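This report covers charge pairs, an aromatic pair and nonpolar packing. Please read it alongside the model.

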Amino acid sequence: IILLHAYESPVSTTPFVLPLPQQGLMQEALEETRTLLAQTKDDMLAKYGDVLANKLETKLVFGNPVDNILEASEELRPDFLVIGSLGEGGILANLFGSTALSIVQKSKIPVWIIPQQSTIHTIKEVIYASDLEGDEVGCINKIINIGELLGIDHTKLVHVKEYLSPE
């Protein structure tokens, strides 16, 4: 498991453009990010150390989060991505978060989005929502394979279709 944090600088990263006080603030923000990432790893090891021992590492990348997460997924070649979502952005992005939505749209591997306010218990049932306009058999086969690994008992298919108003 890799805890990947894509750090997007709040200001230009070109030092000769930044006044010295801003350079100091940027460095301070970066150090806070490194500390938070290390603390998150420590917290996870404290809670799940028996499962995660020697299986958890961290990686900090710089720049656009969407681009960096997608590049890291190509470089590291995971079986799937799990990303958190704050639910910020436009109407659809409010459900998933604009970064998460962009990653889902561009990723070549499955992406699981975990909303910040959610709680997770034992996973026993999965709902696959689809408009039934793609490779549904291939997608469902992938879900079944993942489900077998996680001990999921049931997978349900929900047909989602946006209908035009009668006007």
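How many salt bridges does a search of the whole structure find? The search finds three. A salt bridge here is a side-chain nitrogen of Lys or Arg within 4 Å of a carboxyl oxygen of Asp or Glu.

## Basis

This is a predicted model: local features need pLDDT of at least 70, side-chain atom pairs count only at pLDDT 80 or more, and totals for chains, interfaces and linings use all residues. Residues are numbered from 1 along each chain as its sequence is written, and side-chain values use heavy atoms, with hydrogens and water left out.

Helices (H or I, at least four residues) and strands (E, at least two) are DSSP runs, numbered from the N terminus. Buried means under 20% relative accessible area, exposed over 50%, and partly exposed in between (1.4 Å probe, protein chains only).

Side chains of opposite charge can pair when their charged atoms come close. R34 and E31 form a salt bridge, with N to O at 3.0 Å. Both residues sit in helix α1 (residues 20–52), three residues apart, so about one helical turn separates them. R34 is partly exposed, at 37% relative accessible area. E31 is partly exposed too, at 36%.

Helix α1 also holds T33. Is T33 buried or exposed? T33 is buried, because its relative accessible area is 12%. Leaving aside neighbours within four places in sequence, T33 is in contact (heavy atoms within 4.5 Å) with H5, Y7 and L60.

K59 and E75 join their side chains in a salt bridge of 3.2 Å, N to O. K59 belongs to strand β2 (residues 57–62) and E75 to helix α2 (residues 65–76), so the pair ties together parts that are 16 residues apart in sequence. K59 is partly exposed, with a relative accessible area of 23%. E75 counts as exposed, at 54%.

E74 pairs with K108 in a salt bridge, and their closest N and O atoms are 4.0 Å apart. This pair links distant parts of the chain. E74 is in helix α2, while K108 is in the loop between α4 (98–106) and β4 (111–115), 34 residues apart. Both E74 and K108 are exposed.

## Aromatic pair

A search of the whole structure gives one aromatic pair. The ring centres of F80 and W112 are 4.4 Å apart and the planes stand at 20 degrees, so the pair is stacked. The cut-offs: rings of Phe, Tyr and Trp (its six-membered ring) pair if their centres lie within 6.5 Å; planes under 30 degrees apart count as stacked, over 60 as edge-to-face and the rest as tilted.

What does this pair tie together? F80 lies in the loop between α2 and β3 (81–85) and W112 in strand β4, so the joined parts are 32 residues apart in sequence. F80 is partly exposed at 31% relative accessibility. W112 is partly exposed at 27%.

## Nonpolar core

Which residues make up the largest nonpolar core? There are 10: A6, V61, V66, I69, L70, L81, I83, A100, I103 and V111. Such a core is a set of buried Ala, Val, Leu, Ile, Met, Phe, Trp, Tyr and Cys residues joined through side-chain atoms within 4.5 Å. The elements α2, β3 and α4 each give two or more residues to this core. The largest share, three residues, comes from α2.

V111 is one of the core residues. Not counting residues up to four places away in sequence, V111 touches L81, I83, I103 and V104.
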